[in-house]
There are 2 protein chains.
Amino acid sequence: MSENIFYKLRDDIENGIVTGEFEPGERLDETQLAMRFGVSRTPIREALMQLSAIGLVEIRPRRGAVVVDPAPQRVYEMFEVMAELEGMAGALAARRHTEEDSAALLAAHEKCREAVLSEETDRYYYENEIFHRAIYTASHSGFLEEQCTTLHRRLRPYRRLQLRVRNRMKVSFREHGEIVEAILSGNTDGAREGLRSHVAVQGDRFGDLVANLSNRERRSGRLG
Amino acid sequence: MSENIFYKLRDDIENGIVTGEFEPGERLDETQLAMRFGVSRTPIREALMQLSAIGLVEIRPRRGAVVVDPAPQRVYEMFEVMAELEGMAGALAARRHTEEDSAALLAAHEKCREAVLSEETDRYYYENEIFHRAIYTASHSGFLEEQCTTLHRRLRPYRRLQLRVRNRMKVSFREHGEIVEAILSGNTDGAREGLRSHVAVQGDRFGDLVANLSNRERRSGRLG
DNA sequence: GTCAAGATTTTTGTATACAAGAGCCATGGT
DNA sequence: ACCATGGCTCTTGTATACAAAAATCTTGAC
């Protein structure tokens with residue numbers, strides 16, 4: 001589909017980052033990547049430039065690109081902003097959703113229910129993404145949808161960690177239910193608040209997040 | 001300061017876009033830009049890649065880069081999101097501001113007052129930016145500050161147009177006053193709402209915006 | 001044995017070369 | 001006179017070449 005190689009490369013590398021294949025802090029060697037993807041360094045560099053503009057990698061002059069490794073504080077802030085944007089999307093969705101939006105939202109919600117019943121967190125993780133995307137779409141704000149999608153994508157690895165916390169999947173699904181109801185009934189404030197607290201990392205969840213982050217770091221051998 | 005040329009190039013080109021030197025819809029010829037900046041095409045391309053990732057230019061395969069020309073609807077949506085994020089920054093600032101934050105905010109506010117009195121919209125435009133940045137800083141959320149700054153920057157040309165509307169400067173400054181008071185008194189909801197409505201393009205302002213946009217397009221000769 | 005300074009190697013940053021697609025112009029046919 | 005087709009040119013996309021800086025290794029001194 002994409003005529004240009006650097007689009008594919010960007011997506012591939014980005015994917016490698018959000019799936020954890022390239023770990024935070026890891027150095028991304030241009031020559032190595034070039035060999036791996038069977039291209040020259042030029043398109044690789046162009047892809048890395050794009051990722052650096054998005055904030056997924058950091059390019060230090062003459063020292064190459066590394067996968068950014070945000071401090072827990074920063075990750076928390078990202079969730080905080082995400083919560084606000086999702087709340088906004090929910091509020092807009094409550095006002096603007098069409099028949100198709102409702103259908104898509106309910107369908108996604110059902111898929112989530114199945115995932116919960118099957119107790120497969122990976123499956124829930126996947127269906128959850130579709131659920132949230134359905135809300136972005138229902139907001140009927142193209143720009144907001146874009147912003148949400150980008151940030152959602154960037155937070156992927158951390159969300160995956162969050163789901164590991166005991167009972168998080170069930171609690172998440174219950175919250176989904178309330179959100180669906182608020183949106184479908186046109187309750188803008190309910191939808192906003194529901195999504196805000198659903199996404200935000202509040203109370204115990206912050207501790208869980210930090211714990212997961214440092215676990216991961218310890219595993220990857222960069223910390224005592 | 002910046003070792004690498006493509007950082008400077010990116011900033012220069014971005015600046016050219018937000019100041020209107022490169023007009024929306026304009027094609028950015030790599031060779032031309034390379035000559036103009038006295039470099040080869042390679043770093044130019046890398047700069048354009050970054051701008052494309054940010055959303056300032058669009059790169060169509062084999063057809064080069066053009067300055068994005070968002071539809072009025074899209075610009076409206078951008079202001080809508082900006083309003084929400086600024087509201088959030090205001091709410092956080094109301095809770096978290098330090099002594100220095102207060103001082104910076106008040107200083108920026110005073111500068112705005114001087115600009116209003118001098119009736120120089122360009123000067124107000126400049127001081128206004130500093131005022132808003134002071135709020136981002138006071139939010140003490142690095143990520144939010146980053147997001148706000150980026151979006152604020154992207155909306156620059158449109159804000160400039162908005163200030164041309166009769167009395168907008170005075171009204172804007174009055175709103176600033178209320179925002180300052182809310183933040184300093186720790187009134188989170190007041191700060192949020194004050195900033196939201198200050199930034200949002202509501203009511204008549206939407207019409208003004210659209211009118212300004214189509215004026216500009218007509219002037220640049222791309223519309224009847 | 002350890003540390004430091006110099007040399008070597010690796011890797012990034014930029015320029016240039018080349019291939020291929022898009023756009024444009026001209027020529028010819030209807 | 002107008003449209004279509006073919007070739008020419010211009011521009012982009014990718015590879016490669018080369019320079020300079022960083023990282024690494026080696027050697028020598030203490």
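Chain B and chain A bury about 3100 Å² between them, and 57% of that area sits on carbon and sulfur atoms. Three residues, B:Met49, B:Glu84 and B:Phe143, supply 20% of the area that chain B buries against chain A, more than any other three residues. Keep in mind as you look around that this is a predicted model.

How many residues of chain B are in contact with chain A? On the chain B side there are 35, and they meet 35 residues of chain A. Of the interface residues of chain B, 100% are also interface residues in chain A, so the copies meet through the same surface.

Now for the symmetry. Rotate chain B by 180°, with 0.0 Å of shift along the axis, and it superposes on chain A with an RMSD of 0.0 Å. The two copies are therefore related as by a two-fold rotation axis. To find that axis from chain B, look for B:Gln50: its C-alpha lies 2.4 Å away, the closest approach of any residue in that chain.

What about charges and polar groups? Between chain B and chain A there are 8 salt bridges.

H4(B) brings the largest share, 10 residues. Sorted by class, the side of chain B that touches chain A has 15 nonpolar, 7 polar and 13 charged residues.

Key:
Residues are numbered from 1 along each chain as its sequence is written. Chains are lettered from A and ligands numbered from 1 in the order in which they are written. This is a predicted model: local features need pLDDT of at least 70, side-chain atom pairs count only at pLDDT 80 or more; totals for chains, interfaces and linings use all residues. Side-chain values use heavy atoms; hydrogens and water are left out. Copies are superposed by least squares on the C-alpha atoms of residues with pLDDT of at least 70 in both. Contact means heavy atoms within 4.5 Å. Buried area is the accessible area (1.4 Å probe) that two parts lose on being put together, summed over both. A salt bridge is a side-chain nitrogen of Lys or Arg within 4 Å of a carboxyl oxygen of Asp or Glu. Helices (H or I, at least four residues) and strands (E, at least two) are DSSP runs, numbered from the N terminus. Ala, Val, Leu, Ile, Met, Phe, Trp, Tyr, Cys and Pro count as nonpolar, Asp, Glu, Lys and Arg as charged, and the others, Gly among them, as polar.
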